[in-house]
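Try each task before reading its solution.

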Amino acid sequence: MAKIVNSWNDFDPLKHVIVGRADHSCIPPEEPATSEKVPIDSPMRGSWGPRPLETVEKANAQLDNLVKVLEERGVKVDRPTPLQWNAPVITPDFRTDSMMTAMPPRDVLLTIGNEIIEAAMSFRCRFWEYLAYRPLLEEYFNEDPEFLWSQAPRPRLSDASYKHNYYDEQISLEERLERTANKDFVTTEKEILFDAADVLRLGKDLFIQHGLTTNRKAMEWFKRRYPEFRVHAVNFPGDPYPIHIDATFVPLRPGLIINNPHRRLPDEQRAIFEKNGWEIVDAAQPAHSEPPPLCYSSVWLSMNCLVLDHKTVIVEGSEVYQQEQMDKLGMNVIPIDFRDAYPFGGGLHCATADVYREGELQSYFDDVDFGDVTLV
Ligand code: DAV
């Protein structure tokens, strides 16, 4: 029987990956978690339901092209089985009137070595999203005797999981930034909540962003669940909507990370990297001043790249400044048009989830005298 699942970081040679699908995607109705993420002046506010079919088709065409490029380079690609997302979610604790998508597998599935964990996501509309990946996980389980299939404790997502009246009036950008700096987010600490895309895996160290989609209790869970790992809470004060670490802090190879210049890692946390010989460089400016229509994410999807190995990276086709910077940093860049997929849940990193990367578990941070600042 084959070894199918193995991945300890985002940069070792990629051999097997899941690429999302946009079919049946919906804009979910407002709920305590999502109303905080959708900017107040976005046309997505107040309108929900199935996304226009022509936008689904365009996104799927770009996702299919990504699959083709990966397969041409010898990467095996699997695809999820989307549900009919235009249906309510009803549990003993809440009701919401539609689900969302199977476009960003990165949010749902966290691969740590030979384990894939179904995340404890905070959006009610994403409560059943992991079901789209079940056919694949069943297959991996049947074929790979070492594959560990896990699910984080299922959150109940009752009203107790959210702060209420958190944004009952339009709040200013300054106030949002202040809340980020004060680590004041919409989710409470009632239960364990995290999106997989908030977890940056660097071998034995997990850097987890505390933000709108991941709380401190999740970090405590990681710490107890993986005692052999070092778990670090990181926070990026310049981000008014801190959701997912992969348009903020993106490793390209051992020793090199690009950091969103508007969301710099605080100095005391930077020191950990510098002390261990890592270079953190400001990412290039995005080529666009606005995200595409009906998109949740910011223009910083420019840095949401998919690293294929220590020298090769896929970058969005129109992001010329990011491509140029990657080139200067010694990476071979494969440009791929992907903006039509952005509205469905993000960029090239979001749209994928690791199944197999070559390489073993390594410790990249041997100077482990981190002080108190980042340890949970
Ligand atoms: O900058 O809007 C997007 C990350 C999506 N996974 C941003 C973060």
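**Exercise 1.** Find which residues line the second largest pocket, and sort them by kind.

*Solution.* Step 1: the lining consists of Arg51, Pro52, Glu54, Thr55, Lys58, Pro292, Pro293, Leu294, Arg339, Asp340, Pro343 and Phe344. Here a pocket is an open set of points on a 1 Å grid over the protein atoms alone, where a 1.4 Å probe fits, with protein on both sides within 12 Å along at least five of seven lines; lining residues have an atom within 4 Å of a point.

Step 1: six of the lining residues are nonpolar, one is polar and five are charged (Ala, Val, Leu, Ile, Met, Phe, Trp, Tyr, Cys and Pro count as nonpolar, Asp, Glu, Lys and Arg as charged, the others as polar).

This is a predicted model, in which local features need pLDDT of at least 70, side-chain atom pairs count only at pLDDT 80 or more, and totals for chains, interfaces and linings use all residues. Residues are numbered from 1 along each chain, and side-chain values use heavy atoms, without hydrogens or water.

**Exercise 2.** Work out the strand order of the open three-stranded sheet, and which helices pack on it.

*Solution.* Step 1: the order is S4-S1-S19, with mixed pairing (strands are DSSP E runs of at least two residues, helices H or I runs of at least four; pairing takes at least two bridges).

Step 1: S4 (76-78) and S19 (352-357) each have a single partner strand, so one side of each lacks a neighbour in the sheet.

Step 2: S1 (residues 14-19) and S4 run parallel, joined by three bridges; one pairs His16 with Lys76.

Step 3: helices H1 (residues 53-72) and H3 (residues 134-143) pack on the sheet, and each touches S1, S4 and S19 (contact means heavy atoms within 4.5 Å).

Methods
Axes are lines fitted to C-alpha atoms, for helices over the stretch in contact, and angles run from 0 to 180 degrees between N-to-C directions.
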